[in-house]
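Please walk through this protein with the sequence and the model side by side.

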Amino acid sequence: SGGDGADYGFGGSGGGGGSGGDSGSVSGDNHASEMPESLCGTNGLDVAMAVLKGPVSYLDYDADTGTFTNAVRECALVTSATRVLGNGWYAVQGTVTIPAGANLSVVGTAHLILCDGAKLTIPSPGENYAGVRVQGDASLAIYAQAAGTGALTATGGDRGAGIGGGSYGSGGTVTINGGTVTATGGSSGAGIGGGDQSAGGLVTVNGGAVTATGGAWYGAGIG
């Protein structure tokens, strides 16, 4: 049953037997895990989403100075029909829930803005799948707006990470710059990082409130 928890206020996964995952807090087929990048389009729109949002403001993080600055990007809106985040910029507005049995899959380098008041939920992707698949060479950066009240909640299926790799899939690069991010791994999966028996990838938290809980059977909170 449950593992240890730690709360920090802002902001690999396991192999064999045991019970309980670690928790870290730093305050056809419905899956698109193998969809080729060429189907995502040069503007970052995936084949199931054609809603282009005008300029969206967000807080960008400057790694050199450790500060946030206001910025604006043209974005595509994430909807309940979205399955792929390709190369480009995306925004979540309002309440968006990905249906049970489906997930989001990052192909390439995606940037996701959680607009103030937005709630994006991936509740039940199915066995072996991550809630938000960021695996191998894939990269996902998450941003917030001024109030920082946008939220992402992602739950992995058995052996999948909440955000990161699916079963036997190493985590990619995940950077969280703001918002409230809650990621829970399925059995043996990390909250954010690798799927069952896989490396955690690179996870960086520059801001926001992040809660990452590993699944039972030695899933890491982050890693």
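**From an aromatic residue to the whole fold**

Tyr-61 counts as partly exposed because its relative accessibility is 24%, where buried means under 20% relative accessible area, exposed means over 50%, and partly exposed lies in between, with a 1.4 Å probe and protein chains only. This is a predicted model, in which local features need pLDDT of at least 70 and side-chain atom pairs count only at pLDDT 80 or more, while totals for chains, interfaces and linings use all residues. Residues are numbered from 1 along each chain as its sequence is written, and side-chain values use heavy atoms, with hydrogens and water left out.

A search of the whole structure finds four aromatic pairs, a pair being two rings of Phe, Tyr or Trp (its six-membered ring) whose centres lie within 6.5 Å, with planes under 30 degrees apart counted as stacked, over 60 as edge-to-face and the rest as tilted. One of them joins Tyr-58 and Trp-89, whose ring centres are 5.0 Å apart and whose planes stand at 45 degrees, so the pair is tilted. This pair links distant parts of the chain, since Tyr-58 belongs to strand β3 (residues 52-62) and Trp-89 to strand β6 (residues 88-92), 31 residues apart. Tyr-58 is buried because its relative accessible area is 3%, and Trp-89 also counts as buried, at 13% relative accessibility. Tyr-61 forms a tilted pair with Phe-68, 5.0 Å centre to centre and with 55 degrees between the planes; Phe-68 is partly exposed, with a relative accessible area of 35%. Tyr-58 and Trp-89 form one aromatic cluster with Tyr-143.

The protein has zero helices and 19 strands, both being DSSP runs numbered from the N terminus (helices H or I, at least four residues; strands E, at least two). Five of the strands form an open sheet with parallel pairing, in the order β5-β8-β11-β14-β17, where two strands pair if DSSP finds at least two bridges between them. Its edge strands, β5 (84-85) and β17 (192-193), each pair on one side only. Within this sheet, strand β8 (residues 104-106) is joined to strand β11 (residues 132-133) by two bridges, the two running parallel, and Ser-105 stands opposite Arg-133 in β11.

In the loop between β7 (95-97) and β8 lies Asn-103, which counts as buried because its relative accessibility is 0%. A polar atom of the side chain of Asn-103 lies 3.0 Å from the backbone oxygen of Ala-130.

Strand β16 (residues 180-184) pairs in the parallel sense with strand β13 (residues 151-155) over five bridges, and Thr-155 stands opposite Thr-184 in β16. Strand β19 (residues 209-213) also pairs with β16 in the parallel sense over five bridges, and here Ala-212 is the bridge partner of Ala-183. In a regular strand the side chains alternate between the two faces of the sheet.

Across the protein, buried residues make up 51% of the 223 residues.

Conventions: A polar contact is a pair of N or O atoms within 3.5 Å; within protein, one must be able to donate a hydrogen and the other to accept it, and residues adjacent in sequence count only if both atoms are side-chain atoms.
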